[in-house]
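Please open the model in a viewer and keep the sequence panel at hand.

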Amino acid sequence: MDQQWLKETLGKGIALLLLLRLKNTPPEDAIKSTLAAWYQVITYKRDYEQKLDQWRFEDAFMYLSQTCEWFPSPKQLLEAMPHRKIIELPPPPQMTEQAREKAIHNMKRLKTMLKGTKVCVKN
């Protein structure tokens, strides 16, 4: 799956690291292949969603820019990424009185079944 947003985010993050001239920074002629390798490593058996993950990559690159003296590896980037923010689910719909009564009836039947007694089923 081609994720253009991820390629752009990686490009901006690596560009920031290159500008800092950290020790072991790749030479200019290896930047394109460095980006390709980072993308391949980061997306291996992983999926990302722009809405959930772009800010995580940006935060991780900023953290690495503040803390690294040596040019980091993709592993360090992945370790520096904050956890995804949990999206709050909407509240469940209100049960009708009929649905509530049916649920109570089914719970009673289940309890009876678990006790090992026979159950008469009415539909």
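**First selection: α1 with α2**

Select Leu6, Lys7, Leu10, Gly11, Ile14 and Leu18 in α1, which meet Ile31, Leu35, Trp38, Tyr39, Ile42 and Thr43 in α2 (contact means heavy atoms within 4.5 Å; helices are DSSP runs of H or I, at least four residues, numbered from the N terminus). By class, this contact has 9 nonpolar, 2 polar and 1 charged residues (Ala, Val, Leu, Ile, Met, Phe, Trp, Tyr, Cys and Pro count as nonpolar, Asp, Glu, Lys and Arg as charged, and the others, Gly among them, as polar).

The model is predicted: local features need pLDDT of at least 70 and side-chain atom pairs pLDDT 80 or more, whereas totals for chains, interfaces and linings use all residues. Residues are numbered from 1 along each chain as its sequence is written, and side-chain values use heavy atoms, without hydrogens and water.

Now display α1 (residues 4–19) and α2 (residues 31–43) whole: their axes come within 10 Å and cross at roughly 125° (axes are lines fitted to C-alpha atoms over the stretch in contact, and angles run from 0 to 180 degrees between N-to-C directions). Therefore α1 is oblique to α2 (under 35 degrees counts as roughly parallel, over 145 as roughly antiparallel, 65 to 115 as roughly perpendicular and the rest as oblique).

Residues of α1 including Trp5, Thr9, Gly13 and Leu17 take part in the contact with α3, where Phe57, Phe61 and Met62 are among the partners. By class, the contact has 10 nonpolar, 5 polar and 2 charged residues.

Terms used. Helices (H or I, at least four residues) and strands (E, at least two) are DSSP runs, numbered from the N terminus.
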